[in-house]
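Subject: A structure for you to look at

Hi there,

Here is the structure I promised to pass on. Please open it next to this email, and then read on for what turned up in it.

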Amino acid sequence: MCIRDSSTILATGDAEADVEDALLRSGTDLTADILKVGHHGSKTSTTDAFLDAVNPTIALISSGRENRFGHPHAEVTDRLEQRGVLIYRTDNDGSVVLRAPKTYTMRLDASPSLTRRPLAPLLAP
């Protein structure tokens, strides 16, 4: 998948509804073209309110084929489909590779209340 210069990606990692709620309350603009769906598409993530704020065109879901947790959950894929979001799933589609332009800008917005460990050691050279 090629990403245009103006595309935005929101990678939520293992975020569940409580983290999504905190992000919504933070007032940060969460709008993104591409959403990496949180917590492998479990039913504890990707709430209606969060999807309304992000308003993605494409969703990426990382989950193993026939995993014991049943990820991604049908409620999550239904919410995405109801919004017309194009879904790529690693369990069905295999690896998803994003190709970005040679030059890009990455912005890190973090609130100490949203992080589980200090960012400084992670950003050190």
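Reading from the N terminus, their order is β-α-β-α-β-α-β-α-α.

Please keep in mind that this is a predicted model, in which local features need pLDDT of at least 70 and side-chain atom pairs count only at pLDDT 80 or more, while totals for chains, interfaces and linings use all residues. Residues are numbered from 1 along each chain as its sequence is written, and side-chain values use heavy atoms, with hydrogens and water left out.

**How confident is the model?**

The score to know is pLDDT, the predictor's confidence in each residue, from 0 to 100. Its mean over the protein chain is 76, and 71% of the residues reach 70 or more. Confidence is highest in helix H2 (residues 48-54), with a mean of 95, and lowest in helix H5 (residues 120-123), with a mean of 41. Across residues 112-125 the pLDDT is below 50, and this stretch makes 7 contacts in the model beyond near neighbours in sequence. Contact here means heavy atoms within 4.5 Å.

**The chain as a whole**

I call a residue buried under 20% relative accessible area, exposed over 50%, and partly exposed in between (1.4 Å probe, protein chains only). The protein chain has 125 residues, and 30% of them count as buried. Among its contacts with a separation of 6 or more, 69% are between residues 24 or more positions apart.

Start with helix H1 (residues 17-26), where Glu-20, Ala-22 and Leu-23 are buried. These residues lie on the same side of H1, because they cover an arc of only 160° around the axis. (The arc is that of the directions from the helix axis to the C-beta atoms.) Asp-18 and Arg-25, on the other side of H1, are exposed. The cover over the buried residues of H1 includes H2. After H1 comes Gly-27, with a positive phi near 85°.

Now look at helix H3 (residues 74-82), in which Val-76, Thr-77, Arg-79 and Leu-80 are buried. Their arc around the axis is only 155°, so they sit on the same side of H3. Exposed Glu-81 and Gln-82 are on the face turned away from that buried side. H2, strand S3 (58-61) and strand S4 (86-89) are among the elements covering the buried residues of H3. H3 is followed by Gly-84, which has a positive phi near 75°.

Val-37 is in the loop between strand S2 (34-36) and H2. Its relative accessibility is 0%, so Val-37 counts as buried. Not counting residues up to four places away in sequence, its contacts include Thr-12, Thr-46, Ala-59, Val-76 and Leu-80. Leu-60 is 23 residues from Val-37 along the chain, yet their C-alpha atoms are separated by 5.9 Å.

Leaving aside neighbours within four places in sequence, Glu-20 touches Ala-15, Ser-45, Thr-46, Thr-47 and Phe-50.

**Salt bridges**

A salt bridge is a side-chain nitrogen of Lys or Arg within 4 Å of a carboxyl oxygen of Asp or Glu. The whole structure has 3 of them. One is between Arg-83 and Asp-48 (3.1 Å, N to O). It links distant parts of the chain, since Arg-83 is in the loop between H3 and S4 and Asp-48 is in helix H2, 35 residues apart. Another joins Asp-52 to Arg-83, with the closest N and O atoms 2.9 Å apart. That pair also links distant parts of the chain, with Asp-52 in helix H2, 31 residues from Arg-83. Asp-52 counts as exposed, because its relative accessibility is 52%. Through shared partners, Asp-48, Asp-52 and Arg-83 form one network of salt bridges.

There is also a bridge between Asp-91 and Arg-89 (2.6 Å, N to O). Asp-91 has a relative accessible area of 6%, so this residue is buried.

Enjoy exploring!

Terms used. Helices (H or I, at least four residues) and strands (E, at least two) are DSSP runs, numbered from the N terminus.
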